[in-house]
Amino acid sequence: MLELLDINTYYGNIQALKGVSIRVEAGEIITLIGANGAGKTTTLMSISGIAPPRSGQILFEGRPIHDMEPDQIVALGISQVPEGRRIFPFLSVMENLDMGAFLRRDRDGIKADLEHIFEMFPILAQRRHQQGGTLSGGEQQMLAISRALMARPRLLLLDEPSLGLAPIVVRRIFDIIERINRESGTTIFLVEQNANLALKIANRGYVMENGRITMEDKAAGLLVNEDVKKAYLGI
Amino acid sequence: MLSFAEIRRSVLVSAWFMFLTFPVMVIRVNPIEEVVEWRWRNLIMVGAGSFLISFVWRYLIARKERGKKAAEAGRAGGPPLARRAAVHAGFHKPLMGALAVFVLIFPFLFSTYQVNIMATALIYVMLGLGLNIVIGLAGLLDLGYVAFYAVGAYAYALLNHHFGLGFWAVLPIGAVMGATFGILLGFPVLRLRGDYLAIVTLGFGEIIRLVLENWNDFSFGPSGIANIDRPGFFGVEMSLEAATNYVYYLLIGLVLMTIFFVNRLQNSRIGRAWIALREDEIACQAMGIDKTKTKLTAFALGATWAGMAGVVFAAKTTFINPASFTFLESAIILSIVVLGGMGSIPGVIVGALVLILLPEYLRAFSDYRMLLFGAILVIMMVFRPEGLIAGARRVYEFKGKKETSDTADGIHT
């Protein structure tokens, strides 16, 4: 479904990604784990077109998207839940969700999706007239995921959904990620520092170090890999 | 409140002020009689005045802090009285009705002079609401807004002078010209934010003014253009008084239209995209909002109102020259938006009326106008940083627990 071929991305003169290649198959949950500053977020930003790669190719369903504008990429069906949630604090929950559906014009479809989201996250329905900034961290993460879902993506990019959340909330967020993948068949590209949890719900995983992919395996394989255990699982 | 520490602080402040102002306020050298006058009375007045002011200042700050704490603890009695009265159903309609009647009969109650300055204030309401789109909603600090105002004014003046085009024909042309210049300015500054954007827009405003001042063949230079036609009304000849009243009503109409459009824009998807862009550019891009297009529409729409206001201004004064479009005008319009409350329509209206009408009625203080201007802005920023009437989106509103549980079951709305 998504293919990154030898991507090199720079911030000014600093090279953040060095020849990264990743394959994502339709319907799977894939995870990219690694330490701080490894280039995980940059990978997602490159896919979204916000930090486009200087060289290499990104193919979405066989189509090159690396020189497209971010809004065209969203229109193709790739949505990102950015790191640190980045909801709009002064807009209400409803308005935040509506911003997610910015490119859509089908009123009925939007309404149906909204109901689906409120069914999945009843707390958002309760708080829908409240300003985004007044939500708790977990609620904001739910809102950020919901907002991305409102674009009706086929590929959902999640950047550290566990960031700064209590373990019990993290568990719920991951349950929901699995549910989104299972129920609507949305392909999920999950970037995480919490390697243990991420690998447990993912089908396959990539390990990133200093802008390079250093390992690639089935998630179950990475979970028992000695190097991964030592470096990322803390066992 | 009247503790020893407080008094000591104020004494220190007043001593410092007495020291600072001593050379200016106390010593006066009289070169003719070759004597030095020591005006000790001034020293006492400065001391007493600064002592009092510092005391009142700290009292007000303390009161503000207490108010904040009370609001945080949930003990605040809801929104302030003025807002409650304004939105309360029982008050809202009669209030609006009374306001409408007052606005309609205003020219019959007051002299032509009053109507004239009110019309000027209404032009600034339009300008303020236009700039509010750019600054209040989209968060783009534009210090050259007066350039679009000049574009509109010169569009009418020149088209009227050379081709005899009437007010109503040029009004839409002025709007389009404004929008075009808005996009022209928008393109190069798309990647800039904050301070850099402010500097570039400031430069743009000056460029327009300098071009108008120096390109004599085109704009008649500093001498300006005179004898511009007043707005026509089906070819009816009007006395000066009737014409003034006519411009007043025309402006009321235009302001109402502006309010209507800005209100619709604010609650539309594009309006929310502006607010979202102001808050978080990366999240906007991740949502598929086209940054370029959204920013350009903000610039273009903001400039549209300035263009129209310019046309009306030229028609109202019948004479324009580049001196009407200096940076000071941009600063005044910006102050209207900031003082009134960014992103708030009633705020901007009140801000425009206060900032334009007050100096007119305070002619006696005209020497101190800029001083007062600065003082008002400083005091506002300290005590009401969100403006006279804060925009609804500028403050977090915590809804009570009761309300959230009430709406919990009504998901499908």
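Which residues line the largest cavity? Let's find out together, bearing in mind that this is a predicted model.

**Stop 1: the cavity in chain B**

Select B:L143, B:G144, B:V146, B:L202, B:G205, B:E206, B:F325, B:T326, B:F327 and B:S330, and you have the residues that line the largest cavity. The space inside this cavity comes to about 30 Å³. Counting cavities of 30 Å³ or more gives one. Rolling a probe the size of a water molecule over the atoms is what shows where empty space is left.

Now colour helix 8 (194–214) and helix 14 (327–340) of chain B, the elements that each give two or more residues to the lining of the largest cavity. Helix 8 of chain B gives the most to this lining, with three residues. If you colour by class, you will find five nonpolar, four polar and one charged residue around the largest cavity.

**Stop 2: a pocket with residues from chains A and B**

Next, select A:G49, A:I50, B:R191, B:Q285 and B:K291. Of the 24 residues that line the second largest pocket, these lie nearest its centre. The pocket holds about 620 Å³ of space.

Which elements give two or more residues to the lining of this pocket? From chain A, show helix 1 (40–48) and helix 2 (70–76); from chain B, show helix 12 (281–286) and helix 13. Sorted by class, the lining of the second largest pocket has 10 nonpolar, five polar and nine charged residues.

**Stop 3: helix 6 and helix 13 of chain B**

Helix 6 of chain B passes helix 13 of chain B in a right-handed crossing.

To see the contact, show side chains. On helix 6 of chain B, pick B:F148, B:Y149, B:G152, B:A153 and B:Y156. On helix 13 of chain B, the contact residues include B:A303, B:A306, B:G307, B:G310 and B:F313. What classes of residue make up this contact? There are 11 nonpolar, three polar and no charged residues.

**Stop 4: helix 4 and helix 7 of chain A**

Move to chain A and select helix 4 (residues 107–120) with helix 7 (residues 167–184). These two pack at an angle of about 140°, with their axes 12 Å apart. That angle makes helix 4 of chain A oblique to helix 7 of chain A. The crossing is right-handed here.

Zoom in on A:H116, A:E119 and A:M120 in helix 4 of chain A, which meet A:I176, A:R179, A:I180 and A:E183 in helix 7 of chain A. This contact has three nonpolar, one polar and three charged residues.

**Stop 5: helix 5 and helix 11 of chain B**

For the last stop, return to chain B and select helix 5 (residues 112–137) and helix 11 (residues 269–279). At what angle do their axes cross? The crossing is at roughly 40°, and the axes come within 9 Å. Helix 5 of chain B is therefore oblique to helix 11 of chain B.

B:I133, B:G136 and B:L137 make the contact from helix 5 of chain B, while B:W274, B:I275 and B:R278 make it from helix 11 of chain B. By class, there are four nonpolar residues, one polar and one charged.

Notes
Residues are numbered from 1 along each chain as its sequence is written. Chains are lettered from A and ligands numbered from 1 in the order in which they are written. This is a predicted model: local features need pLDDT of at least 70, side-chain atom pairs count only at pLDDT 80 or more; totals for chains, interfaces and linings use all residues. Side-chain values use heavy atoms; hydrogens and water are left out. A crossing is left-handed if the near helix is turned anticlockwise from the far one by less than a right angle, and right-handed if clockwise. Helices (H or I, at least four residues) and strands (E, at least two) are DSSP runs, numbered from the N terminus. Contact means heavy atoms within 4.5 Å. Ala, Val, Leu, Ile, Met, Phe, Trp, Tyr, Cys and Pro count as nonpolar, Asp, Glu, Lys and Arg as charged, and the others, Gly among them, as polar. On a 1 Å grid over the protein atoms alone, a cavity is a set of points where a 1.4 Å probe fits but cannot get out, and a pocket is an open set with protein on both sides within 12 Å along at least five of seven lines; lining residues have an atom within 4 Å of a point. Grid points are joined across faces, edges and corners, and a volume is the space filled by probe spheres set on the points. Axes are lines fitted to C-alpha atoms, for helices over the stretch in contact, and angles run from 0 to 180 degrees between N-to-C directions. Angles under 35 degrees count as roughly parallel, over 145 as roughly antiparallel, 65 to 115 as roughly perpendicular and the rest as oblique.
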